[in-house]
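Work through the exercises below with the sequence and the model at hand. Each task is followed by its solution.

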Amino acid sequence: MRARIARLFAAPYDAWVTGQQEIRATNPTGIRAETEMFQNVRPRSKLHSGVALIELIYHATVRSVRKSHGNALWAIGSNMLQAIIFVLAFYVMFSVLGLRGARLRGDFLLYLMSGIFLFLTHIKSLGAVVGAEGPSSAMMQHAPMNTIISIASAALGSLYVQVLSLVVILFVYHVAFTPFEVEQPIAAFSMLLLAWFTGVAIGLCLLAIKPWFPTFVQIFTTVYQRANMIASGKMFVANTLPPTMLAMFDWNPLFHAIDQCRGFAFVNYFPRNSSWEYPLYVGIALLMLGLMGEFYTRQYASSSWNARR
């Protein structure tokens with residue numbers, strides 16, 4: 001009986017020893033086969049490198065969209081709710097103050113949404129890029145990851161959420177409430193992309209100096225976002241401003257983008273005091289400055305900087 005029990009417990013051990021011998025036979029160096037996953041895989045061609053970069057940006061974009069909430073639908077729905085609250089708040093304010101008749105002719109809610117959507121897209125893209133993973137982040141310890149991927153994913157994630165919110169809100173408003181017509185939809189959407197682009201460019205400049213002056217960047221970002229509640233010009237029409245007041249707003253690229261968007265959206269409005277070239281040139285200049293600053297900061301930034309603060 002004892003000999004039978006001993007054979008019963010010895011059988012699994014013998015099988016395990018046999019398996020280990022087979023592993024050593026197939027891998028005589030003694031190094032575990034799992035170490036192959038840590039090998040550096042070099043791209044075979046430029047096309048392979050480009051596809052791998054796009055794939056990394058896609059996965060990082062999905063992560064940035066879902067970072068605000070575990071449920072992706074709730075993360076997008078909260079942004080839609082914020083846009084709806086903005087529109088309703090300004091609608092009630094203009095109705096109470098009796099300013100609806102002083103605006104351009106056309107759908108009043110479309111007039112409000114043309115300014116609010118560009119404003120939200122601009123400040124959301126700026127905040128997303130400023131809050132992107134920096135050179136001293138833990139994510140940068142992974143071999144394929146770099147700061148360009150984190151910046152691009154943050155920018156594209158904010159654009160995806162804003163465009164999806166725009167499409168859903170305009171569709172519901174057109175189907176359930178009042179049918180409307182946009183005079184030049186492609187050009188108007190281009191102004192939305194221009195507002196997003198300028199926000200990304202400004203955010204990149206702030207991200208470049210963030211490791212050096214984190215407190216200043218945080219305060220400046222908050223002040224800039226709050227100041228654009230008025231300085232963006234979403235609450236008034238640029239053609240009705242006198243020259244003294246126009247000089248207070250025409251420095252802002254978002255002001256030009258919103259005014260040009262209303263010119264493309266409404267058939268009877270022709271913006272004379274703004275241009276789409278100004279925010280484009282400003283965005284390109286700031287983007288180049290931000291890329292140079294980010295490249296310089298990436299060479300010197302260290303995790304110990306935050307420890308001493």
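Buried means under 20% relative accessible area, exposed over 50%, and partly exposed in between, with a 1.4 Å probe and protein chains only. The model is predicted, and local features need pLDDT of at least 70, side-chain atom pairs pLDDT 80 or more, while totals for chains, interfaces and linings use all residues. Residues are numbered from 1 along each chain as its sequence is written, and side-chain values use heavy atoms, without hydrogens and water.

**Exercise 1.** Describe helix α10 and find its buried residues.

Step 1. Helices are DSSP runs of H or I with at least four residues, numbered from the N terminus.

Step 2. The buried residues in α10 are P279, G283, G290, E294 and T297. Their cover includes α5 (147-177), α6 (185-209) and α9 (253-265), contact being heavy atoms within 4.5 Å.

Step 3. By contrast, M292 of α10 is exposed, because its relative accessible area is 53%.

**Exercise 2.** Which residues of the largest nonpolar core touch the most other members?

Step 1. Such a core is a set of buried Ala, Val, Leu, Ile, Met, Phe, Trp, Tyr and Cys residues joined through side-chain atoms within 4.5 Å.

Step 2. Among 42 residues, they are F90, L112, I116, L118, L120 and F255. Helix α4 gives the most to this core, with 11 residues.

Step 3. Leaving out residues up to four places away in sequence, I116 touches F86, V87, F90 and K234.

How values were computed. Helix = DSSP H or I, 4+ residues; strand = E, 2+ residues; numbered from the N terminus.
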